Amino acid sequence: MWGTITAGKRRGRAIIMGLFSAFFGQKATPNQRSVGRHATTISAPPQTNDAATSSSAHGRHAAGAPRSDFDEFLRCSSEADSIVLDTETVGLGRDIEIFEFGALLLRGGDIIHRYGQLVRPSRPLDAVNVSLSAISDRDLLDAPPIGFVLPQIIDAIAPLTVIGHNVSYDLTALNIEAARCSVPPLHPDTVDTLDMAQALFPNAPRHTLQDVMRMLGIDRPERHRALADAEDTFEVWSLMTRMGGPRYFDMGEVEVQRAASNKEKARKDRLFSKAAYLNGRDCTPVNEQPEGTVIDHAEGVEILGDEDHQPILAKYGYDAWLWVQVHEGIIEKGSNYGYPTYWVTLDGERIGYLSKKSMQRYVGLVPSDGAVAQGHIKNCGTDRAKGVFNLRLQMPTAHEPVELERKAEPPKPIKKPAVRREPKHDASAVAKPKPASAARASEALFVNAKPHKKVLPTHDKTVELVLDDGALAAVGDVADGARLWLVVRPSGSAGMSVRFGGRLLGVVDDVDGLEFVSDDGNVAAGTIRRDGCAVRVLVEV
């Protein structure tokens with residue numbers, strides 16, 4: 001049903017997309033508003049002369065780009081009839097700047113060349129850029145300014161049909177940069193895979209690139225690198241052009257798609273929240289930087305064991321950013337003894353390590369000979385109230401969890417020989433009742449009996465669960481400050497569900513350091529906190 005791109009004249013009107021192109025093809029204009037993938041509305045400014053951009057950059061051999069790759073891209077563009085492109089950008093509105101360009105050159109629907117190019121913007125990247133793309137300002141130090149490559153890129157793109165997901169966003173970003181370089185704007189024929197997806201999956205909850213990949217059976221996360229995203233766009237375009245018509249999901253499928261989409265949206269929302277938190281803050285480490293390779297810091301992960309090293313953390317205080325060293329090792333205690341981990345050293349003192357669950361998502365992201373990273377001492381009300389200091393290690397973007405191989409077996413406990421003692425007989429002695437066990441005495445502090453399950457290993461941390469109206473009935477009128485025995489079970493990749501008296505109180509996502517010791521759930525202690533109408537449960541993990 002859908003036509004594929006066919007070759008046409010290089011400098012004439014751009015190629016025909018068959019029946020599909022006639023339905024979806026469009027001209028991008030500088031004032032098109034962008035929606036969807038980047039969730040940012042931008043418009044091209046009037047063309048300006050930027051004194052910082054030299055006109056010498058317009059020549060074919062402008063300096064600053066890797067010539068062999070760039071020249072090959074320019075040469076292959078003369079043989080192509082279409083291009084799949086993607087950009088990574090920083091900033092908003094008219095201040096938007098490109099820091100990475102990726103493209104696939106096509107001829108007759110087949111890839112004839114791949115090209116990716118980092119470019120150096122005039123502003124630093126924000127936390128969202130770093131978290132999503134794993135590109136840091138350090139990676140852009142040797143990249144050319146946009147003015148050295150953009151004029152030739154635009155000249156190469158101009159006669160081609162441009163394919164992209166929410167393609168108007170990328171074209172508008174290119175045209176904003178073109179205006180700064182005094183280069184005529186692009187107005188190519190376009191094919192937007194966002195439009196295609198909306199027509200082919202009309203009742204899907206969302207149509208982001210990640211959502212469309214999932215609906216087409218492509219099982220990998222969106223990588224937020226320009227060339228990788230261009231390759232993903234090409235794959236979804238190729239698959240959709242072969243579909244015979246629209247596909248409608250039933251109610252169950254819609255809910256599955258919505259749940260997966262909401263999970264990805266929540267992850268990105270956390271990244272945006274982190275960026276908002278860090279904006280305007282001084283994140284410069286306050287201690288001396290050790291020697292070694294510095295790894296990117298896209299996201300934070302809690303470490304275990306820092307509760308035993310409070311003096312060195314207290315010296316720096318809450319909200320401090322620090323240089324730390326990270327090196328490979330094994331977990332040295334507990335049920336996960338012998339599994340690989342990353343140990344963290346601060347000012348020469350080894351202060352903690354990654355849990356097995358965290359290591360499954362970060363293994364392989366630190367060089368084998370160790371590296372230098374940043375750490376952040378959390379500044380939250382719970383830690384302040386308890387007077388504890390917890391460090392979050394800043395790591396590159398996590399990958400999908402992988403299985404770990406135990407590197408060493410736990411040491412066998414040393415059994416002490418039993419000492420036989422003769423019982424003392426004293427006829428005058430009056431038998432005294434045995435004191436209650438410590439466990440029984442501690443249970444008296446709880447409002448319910450302890451379930452017959454193993455206790456969840458704790459690391460002097462608490463997570464907060466705010467109860468909704470449906471969960472309030474489960475705790476009834478349990479008083480503020482009362483202690484509860486809770487049943488917690490794994491939920492998702494790093495979360496847990498919390499139950500009291502057999503009723504679900506809620507689910508807590510992304511809990512670092514969880515170490516369940518049985519598949520059917522563990523017992524954890526919790527405390528009720530009542531603040532007016534709001535009721536919270538603090539779960540000890």
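The protein exposes about 26,800 Å² of surface, and carbon and sulfur atoms supply 52% of that area. The model is a predicted one. Of its 541 residues, 49% count as buried. The protein has 14 helices and 18 strands.

**Contacts across the chain**

- Among the contacts in the protein with a separation of 6 or more, 73% join residues 24 or more positions apart.

- Glu100 sits in strand β3, which covers residues 97–107.
- Glu100 has a relative accessible area of 6%, so it is buried, the cut-off being under 20%.
- The side chain of Glu100 makes a polar contact with the side chain of Arg225 at 2.9 Å.
- The Glu100 side chain also reaches the backbone nitrogen of Ala226, at 3.1 Å.
- Leaving aside neighbours within four places in sequence, Glu100 is in contact with Arg225 and Ala226, and also with Asp86, Thr87, Glu88, Gln117, Leu118, Val119 and Ile135.

- Helix α5 has 14 residues, 167–180.
- At 1.5 Å a residue, helix α5 should span 20 Å, and this agrees with its end C-alpha atoms, which are 20 Å apart.
- The expected span is 1.5 Å times one less than the number of residues.
- Of the 14 residues of α5, 14 are buried, so the helix is largely enclosed by the rest of the structure.

Key:
Residues numbered from 1 in each chain as written. Predicted model: local features only at pLDDT ≥ 70, side-chain atom pairs only at ≥ 80, totals over all residues. Heavy atoms only, no water. Helix = DSSP H or I, 4+ residues; strand = E, 2+ residues; numbered from the N terminus. Buried < 20%, exposed > 50% of the residue type's maximum accessible area, 1.4 Å probe, protein only. Polar contact = N/O pair within 3.5 Å; in protein donor to acceptor, adjacent residues only side chain to side chain. Contact = heavy atoms within 4.5 Å. Areas by Shrake-Rupley, 256 points an atom, 1.4 Å probe, with all protein chains shown as cover.
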